[in-house]
Structures are given as C-alpha cells and as structure tokens.
Amino acid sequence: MSTTTPSFWARIPLAFSAFFKTLGNAEFAARYQHDQVGPVAAPAPAPAPAPAPAPVPAAAPLREATPDAALQLLSLLQREARLIDFTQENLAGYADADIGAAARVVHEGCSKVLREHFTIEPVRGEAEGSRLTMDEGFDAASVRLTGNVVGKPPFKGTLSHRGWRATNVRLPKLAEAHDAKILAPAEVEL
C-alpha cells in the first residue's frame, strides 16, 4: 500500500467519488460518519439468513384400489335392492306413484345390505345445526369445511351434516374363480 499523499489535482476526482459514493451508499456513509475515514474499516456483519421455508409435506402415495370389493357391493345392492335395474330404467314413462313404490323397494333393499355388511356410525356426534369450533390440527379427512373458508383455524361454523364412517365391513369371501365383474347373471326362464 502506498504511503504517499495524493496531490491536490489527484484529490479532486477522489473527493467527487467519495461525495457520490456517500450519497449512493448508506453503508459507506455510516462508516465515514463514525470513523471519519471512509474506506472499509471492517466488513459489515452478514445479515441473518432468512428462516428456511417449512418443508412441503410429500403427497401421500396413492394406493391402487382393487375393484373386487366395489363390484361385490354393487352385486349385493342389485341382488337385494335391484339398484342397477332401478338406475338403468328410463323413468320418464312412469307416474310418480309408481316411481315412489319402486324407490321404497330399492330403499329397503339398500338398507338391508348396509345393515348386514357394514357397521356405520356418524363422524360427528353433535346434532345437525350445532355450532362447532374446528381448532388447528382438526382431521380434514373426516370434516370438510364449506362456505367462506378463509384464513387459518380455529374455524367456527354450523354442522350441516354429521358425516358417516364405516367402523366394520363384513363382505362375504369370494371363491378364487369368482368373476366379480358379473354383477347379476342374466336370467333365462325355461
């Protein structure tokens, strides 16, 4: 480093440079103000690193649903309630009273299948219409928020549906050679 002092003419551009650097660089101006020297006396401490963003949870792996249980249930609903027959029928030509009578048979058969093969209970024990507070960490798989959902929990709302949960499933076992895709065999009267 040179210890010679600059001449008057060499100091003029240096003064202009220091002037504009002081105007444009607040850190340089602060150093100059405090130690009356100007150039870097000590490096400024590095700003604290910003907190790392919370890691995004990985999506739960999807499992392949085997259709056999669904097909078996559909077969049971057809056998006991004639559900497929009812939904495949064009109801435009029937009177409301006839549709109502058919719906009663379908309803009774579906109820029978559900009672025999499932234990079903409400997700929420409160009566519909009750006021609820959903705190942070509530089970979003068992409670769906509807309406104007804004912000973070706690959420206050009214229970519009208690939800349903299967607590036990008792589907019959299937023979190895059983074709679950046959929901109801064709019937040929002899």
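These notebook entries record what I looked up in one predicted model.

**Entry 1. The chain as a whole**

I began with the secondary structure and found five helices and four strands in the protein chain. Read along the sequence, I noted the order as α-α-α-α-α-β-β-β-β. I then turned to burial: of the 190 residues, 13% count as buried. The accessible surface comes to about 15900 Å², and 60% of this surface belongs to carbon and sulfur atoms. For contacts between residues at least 6 apart in sequence, I recorded that 63% join residues at least 24 apart.

**Entry 2. Helix H3**

I next examined helix H3, which covers residues 67–81. Its 15 residues should span 21 Å at 1.5 Å a residue, and I found its end C-alpha atoms 21 Å apart, which agrees. Which residues of H3 are buried? I listed Leu71, Gln72, Leu76, Leu77, Gln78 and Ala81. An α-helix has 3.6 residues a turn, so residues three or four places apart point the same way. The buried residues of H3 pack against helix H4 (83–88) and helix H5 (96–117).

I looked at Gln72, which lies in helix H3. Is Gln72 buried or exposed? Its relative accessibility is 12%, and because buried means under 20%, Gln72 counts as buried. Leaving aside neighbours within four places in sequence, I found Gln72 in contact with Leu171, Pro172 and Leu174.

Ala70 also has its place in helix H3. Its relative accessibility is 51%, and because exposed means over 50%, Ala70 counts as exposed. I noted that Ala70 and Ala180 are 110 residues apart in sequence, while their C-alpha atoms are 9.0 Å apart in space.

**Entry 3. The end of H3**

I followed the chain past H3 to Arg82, which is found in the loop between H3 and H4. Arg82 is not a glycine, yet its phi is positive, at about 55°.

**Entry 4. The nonpolar cores**

I asked which residues form the largest nonpolar core. There are six: Leu76, Leu77, Ala81, Val106, Cys110 and Val113. H3 and H5 are the elements that give two or more residues to this core. I checked Cys110 in particular: leaving aside neighbours within four places in sequence, Cys110 is in contact with Leu77, Ala81 and Leu83. I also recorded a second, separate core of five residues, among them Met134, Val143, Phe155 and Leu159.

**Entry 5. The largest pocket**

I then turned to the largest pocket, which has a volume of about 580 Å³. It is lined by 24 residues, and the closest to its centre are Val143, Arg144, Leu145, Thr146 and Leu159. Strand E2 (131–134), strand E3 (155–158) and strand E4 (164–169) each supply at least two residues of the lining. Which strand gives the most to the lining? I found that E3 does, with four residues.

**Entry 6. A cis peptide bond**

Finally, I looked at the peptide bond from Pro153 to Pro154 and found it to be cis, with omega near 10°. Pro154 is found in the loop between E2 and E3.

Note on methods. Residues are numbered from 1 along each chain as its sequence is written. This is a predicted model: local features need pLDDT of at least 70, side-chain atom pairs count only at pLDDT 80 or more; totals for chains, interfaces and linings use all residues. Side-chain values use heavy atoms; hydrogens and water are left out. The expected span of a helix is 1.5 Å times one less than its number of residues. Buried means under 20% relative accessible area, exposed over 50%, partly exposed in between (1.4 Å probe, protein chains only). Contact means heavy atoms within 4.5 Å. A nonpolar core is a set of buried Ala, Val, Leu, Ile, Met, Phe, Trp, Tyr and Cys residues joined through side-chain atoms within 4.5 Å. Accessible areas come from the Shrake-Rupley method with a 1.4 Å probe; for residues, only the protein chains shown count as cover. On a 1 Å grid over the protein atoms alone, a cavity is a set of points where a 1.4 Å probe fits but cannot get out, and a pocket is an open set with protein on both sides within 12 Å along at least five of seven lines; lining residues have an atom within 4 Å of a point. Grid points are joined across faces, edges and corners, and a volume is the space filled by probe spheres set on the points.
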